[in-house]
Amino acid sequence: EPSRLPHHMTLDSVLTVLAVLMLAKGLFGVFEGVRYLEYVRKHLATRPEPWMPPVSVIVPCKGLDFELEKNVEAVFRQVYPFFEVLIVTATDNDAAVEPLRHLAGRFPGHRIRFVTAGLSPDRGEKVHNLIQAVAQVDPASEVFVFTDSDSRPHLCWLQELVAPLRNE
């Protein structure tokens, strides 16, 4: 069967052209990668002005979660200037209340409050607890943060969570 390529184009020349095109594409990719790396470095080097409005952190609790005190202590230890923590339970005799009151006593300079939400016949316990806690936050709070008692945030979690909210 006769070749469909023009007489002056051989298989070697077609492969050479393809190799040159692939090389050019690869070099273009490297160039774009370097440009993107510079963009990322520039973006990371420019720190926005800190924006840390007053925050209310609401922690619904029920029972003794695994490492409850360590998890809630991580919330108390946040590196953030103006925040309060509301520990909310359905009843004041919940198993979480006593150890967390003891823990809160180790943080006398912190604004830590305990909220007893009561039981609701109309909605789930956790939703009811959150609604009752929101009704009792400090009126100066500009941000409400909700976290669970079975999670353990790192020290700057609150700052990192709130900072992007500045962007209107």
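## Burial and the basis of the model

A residue is called buried when its relative accessible area is under 20%, exposed when that area is over 50%, and partly exposed in between, using a 1.4 Å probe and protein chains only. By this definition Phe83 counts as buried, at 9% relative accessibility, and Tyr80 is likewise buried, with a relative accessible area of 8%.

The model is predicted, so local features need pLDDT of at least 70 and side-chain atom pairs count only at pLDDT 80 or more, while totals for chains, interfaces and linings use all residues. Residues are numbered from 1 along each chain as its sequence is written, and side-chain values use heavy atoms, with hydrogens and water left out.

## Aromatic pairs

A search of the whole structure finds 3 aromatic pairs, where rings of Phe, Tyr and Trp (its six-membered ring) pair if their centres lie within 6.5 Å, and planes under 30 degrees apart count as stacked, over 60 as edge-to-face and the rest as tilted. Among them is the pair of Phe76 and Phe107, which is edge-to-face because the ring centres are 5.3 Å apart and the planes stand at 65°. Both Phe76 and Phe107 are buried. The rings of Tyr80 and Phe83 also form an edge-to-face pair, with centres 6.3 Å apart and planes at 80°.

## The surroundings of Glu84

Glu84 counts as buried, at 2% relative accessibility, and its side chain makes a polar contact with the side chain of Arg113 at 2.9 Å; such a contact is a pair of N or O atoms within 3.5 Å, and within protein one must be able to donate a hydrogen and the other to accept it, while residues adjacent in sequence count only if both atoms are side-chain atoms.
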